[in-house]
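Look over the structure before reading on.

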Amino acid sequence: MGPVITTKPRLACVDPPRLLAGLDEVYRLDRVGHLTVHGTMPALRADELVALAENIDLRGRGGAGFPFAKKVQAVVESAGRREGRCAVVVNGSEGEPSCLKDTALLLHTPHLVIDGAVLAAEAIGAEEVAIAVHRPDVEESLAAAIAERGPSGVPVRVSRTPDRFVAGEGGAVINGISGAPAIPNGRKIRTSDSGLSGLPTLLSNTETFAQLAVAARMGALPYRSVGLPTEPGTTLLTVGGKYVMETPTGVPLTYVLELCGLTAGQAVLVGGYHGKWLDPRSINAATISRESMKKYGARLGAGAVLPIPENTCPLGETARVARWLAAETAGQCGPCFIGLPAIADAIGQVERGGGQAAIDNVRAYVNSVKKRGACSHPDGTAGFVTTALEAFPEEFEAHALGAGCGRPTMGVLPLPEDALPLALPPAPLNPSARDDRSQRGPMEKLLVDWSLCQGHGLCADILPPEVLTLGIDGYPASASMEVPRQLRAQAVRAVRRCPALALRIEE
């Protein structure tokens, strides 16, 4: 368990608030205060819940932005095949140090989140609502709110999960609530099919359920009166790692920064540590919306907006975060627990004046982990480093060549504590290693389960390079490889020979 985080989000609003309503008067809305501000909740059937979510285009606010209505439909259909049994899980495991929006909701207005979760649970006939958090003060706030509501209705419980970056992934949340290690599952398992206690589970982010509670009270048309017609409503942002702001969609990004007393600086990281750096020109044109962010190859994700001031070294800031992200690995697949420290170490070599070869090493290690992990953490971390290389090429080059950029590293990107340098040395590079698949035709696929693979490399002794090669870390270079018919027998031998049982063949 990590240290207790004492950071208190500073709250602000661009428009008359919805999610943060009433908090200008009190620090925390208890049950009475909550009902005074928001009123009582209506009851909805499952079809009405789906219709409301579709009408307001409600999407997950935890990062992926998946349509909430589709999640509900998937759970209802799956539960119909399981005697109607299902569950609801609220993901409040905010392991991203640059995000405080879910913490703000759960500390200041917990009943709004519980309302949305209970509304959904009653609509789909769920057996319980489970809320996953990692901060002790948030757990206390929710426990108090549950006690204030009394025992009526769908049972609601709060579970404390580890304070780890990867513990917020959907499968890791389910595992953590269930008492298992809070790490992602090695294979893609839809929680709508099998989640909490093996039941079809409606899993979504804290803000998603709070938005649902607001929309259910207001109705679709009033809810849509704020924000963009194509993306109605408001959204919560964590700006600069300390300000939590509620804003209608469509507001200029520069205006949000201005209201928080911040400037764009050298660049702005949008979407947190798996996000994208926007350059000053893009910042001036971008608005708070999915469509606008998409134009610049970015997404709001979990709502983190992080400007980097002129007085700090962007390479040093990137190195700090890369070290921390590497330390946050679940340790269950080689591309993650070997590849990410190698990336961080390579960035350190650039900092220390390692020349153009050091920059080339960073790029090589980034490419070596892409699409190869048991979860999205390797890809997200590789993306963070890639966007830093694109945003600050002159700073990377200046440090690599020994001159440096002349600025200290101020530590402006929030971290629980400074990540320590990682002792793991990088593996020797092999730039010539490549997958030269030349034989095509109807093929089966050889798949790697990254949660099991231990990098023995025996598979590469059996299969030719046109099917399987090892990456620079000694693990298979791809998670999915086409197997020509004439090589199927060798693929079967590789599956049987793998001591970790990490290989399988699928059509």
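How are H5 and H8 oriented to each other: roughly parallel or roughly perpendicular? H5 and H8 are roughly perpendicular to each other (angles of 65 to 115 degrees; under 35 degrees counts as roughly parallel).

This is a predicted model: local features need pLDDT of at least 70, side-chain atom pairs count only at pLDDT 80 or more, and totals for chains, interfaces and linings use all residues. Residues are numbered from 1 along each chain as its sequence is written, and side-chain values use heavy atoms, without hydrogens and water.

**Helix pairs**

Helices are DSSP runs (H or I) of at least four residues, and strands (E) of at least two, numbered from the N terminus. Axes are lines fitted to C-alpha atoms, for helices over the stretch in contact; angles run from 0 to 180 degrees between N-to-C directions.

| Pair | Angle | Axes |
|---|---|---|
| H5 (residues 110–124) and H8 (residues 206–218) | roughly 80° | within 7 Å |
| H1 (residues 31–38) and H5 | about 70° | 9 Å apart |

H1 and H5 are also roughly perpendicular to each other. Arg31, His34 and His38 in H1 meet His111, Leu112 and Asp115 in H5. Contact means heavy atoms within 4.5 Å.

In the other pair, H5 residues including Leu112 and Asp115 meet H8 residues including Phe209 and Arg217.

**The sheet**

An open sheet of 3 strands runs in the order S12-S11-S13, with antiparallel pairing. Strands pair if DSSP finds at least two bridges between them. S11 (residues 444–448) and S13 are joined by 4 bridges. Leu447 stands opposite Arg504 in S13. Helix H20 (residues 488–497) packs on the sheet and touches S11, S12 and S13.

Terms used:
Parallel < 35°, antiparallel > 145°, perpendicular 65-115°, else oblique.
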